[in-house]
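This report describes the arrangement of strands and helices in one protein model. Please consult the sequence and the structure shown here while reading.

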Amino acid sequence: MTLELAAVGIGTEPGAALPAVSAVAAPGHPGIVAVETEQAPVLASLVAGGRMKPDTGRVLLDGHDDPAGIRRAFALVDTPGVAEPFPVMSLKRIVHEELAFAGRRPSRSDVATVLDELGMTSWADTHVQRVPTDVRVRLLAELALLRPDVTGLVITAPERHGGTVADWFAVVREIARRGTTVVLVTSKAAAETASALLDTVADEPLDTTADPDTITTTDATAPLETRS
């Protein structure tokens with residue numbers, strides 16, 4: 001599954017809310033969208049995820065206009081004000097909410113199993129605002145991928161949580177190599193670093209041996225704080 005952002009923008013220059021941006025995302029190769037200002041990352045994510053129609057340009061799924069298909073296939077991950085956990089939520093609470101939203105009984109053992117399979121047991125009681133950015137990205141991305149029909153992610157501005165780009169981008173890259181189509185919306189500085197890192201592994205084959213269902217399948221259909 002390939003997602004192409006072809007010169008998509010909102011507003012007109014100069015001072016457009018989202019200046020025209022382009023990117024191509026495919027399994028094994030994240031698409032990187034470089035934007036600035038506080039509002040642009042959210043707008044770019046909404047456009048990439050099929051939640052907002054751009055004023056200019058097109059968003060194509062496997063070469064076709066298919067906004068509904070994009071909305072089904074792509075989850076927004078950590079998009080400010082749209083799909084992000086409250087800062088003081090613990091990791092176990094985040095998992096609990098996802099399981100509850102999925103219509104499953106979110107028992108303590110179920111939550112513990114998810115955290116254990118993600119290697120995050122030691123962070124269970126920690127507020128999400130205090131975990132390293134790579135841990136945050138991993139948690140929210142893996143939970144999003146458990147939703148029915150979701151095979152793509154739009155990850156918004158991980159750099160706003162601090163940390164080293166190389167650390168959290170390694171998570172993004174690894175998820176993409178498992179066959180997930182990933183769009184990364186990030187600052188221009190972080191995008192430059194991520195692109196340089198991506199160039200060093202661009203020719204690596206997909207990891208076809210990886211189990212796509214890393215943790216127990218849930219029925220969640222939307223992100224944490226505000227689901228879309």
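In which loop is Phe86 found? Phe86 lies in the loop between strand E6 (74-77) and helix H3 (91-101); helices (H or I, at least four residues) and strands (E, at least two) are DSSP runs, numbered from the N terminus. The model is a predicted one, in which local features need pLDDT of at least 70 and side-chain atom pairs count only at pLDDT 80 or more, whereas totals for chains, interfaces and linings use all residues. Residues are numbered from 1 along each chain as its sequence is written, and side-chain values use heavy atoms, with hydrogens and water left out.

Phe86 is partly exposed, with a relative accessible area of 44%; buried means under 20% relative accessible area, exposed over 50%, and partly exposed in between (1.4 Å probe, protein chains only). Phe86 and His127 are separated by 41 residues in sequence and by 9.0 Å in space, C-alpha to C-alpha.

**The two sheets**

Strand E6 belongs to an open sheet of four strands with the order E3-E8-E7-E6 and parallel pairing. Its edge strands, E3 (31-34) and E6, each pair on one side only. Direction ignored, neighbouring strands of this sheet are turned by 15° against each other on average. Two strands count as paired if DSSP finds at least two bridges between them. Ala75 stands opposite Leu153 in E7.

Four strands also form an open sheet in the order E2-E1-E4-E5, with antiparallel pairing. Here the edge strands are E2 (18-25) and E5 (64-65), each of which pairs on one side only. Leu61 has His64 in E5 as its bridge partner.

| Strand pair | Sense | Bridges |
|---|---|---|
| E4 (residues 56-61) and E5 | antiparallel | two bridges |
| E6 and E7 (residues 152-156) | parallel | four bridges |

**Helices**

Helix H1 (residues 40-48) lies across strands E1 (3-10), E2 and E4, and runs at about 135° to E1. Helix H7 (residues 188-199) lies across E3 and strand E8 (181-186), at about 155° to E3. Axes are lines fitted to C-alpha atoms, for helices over the stretch in contact (heavy atoms within 4.5 Å), and angles run from 0 to 180 degrees between N-to-C directions.

In helix H4 (residues 108-117), the buried residues are Val111, Val114 and Leu115. Seen down the axis of H4, these residues fall within an arc of 95°, so they line one face of the helix; the arc is that of the directions from the helix axis to the C-beta atoms. Just after H4, Gly119 adopts a positive phi of about 70°.
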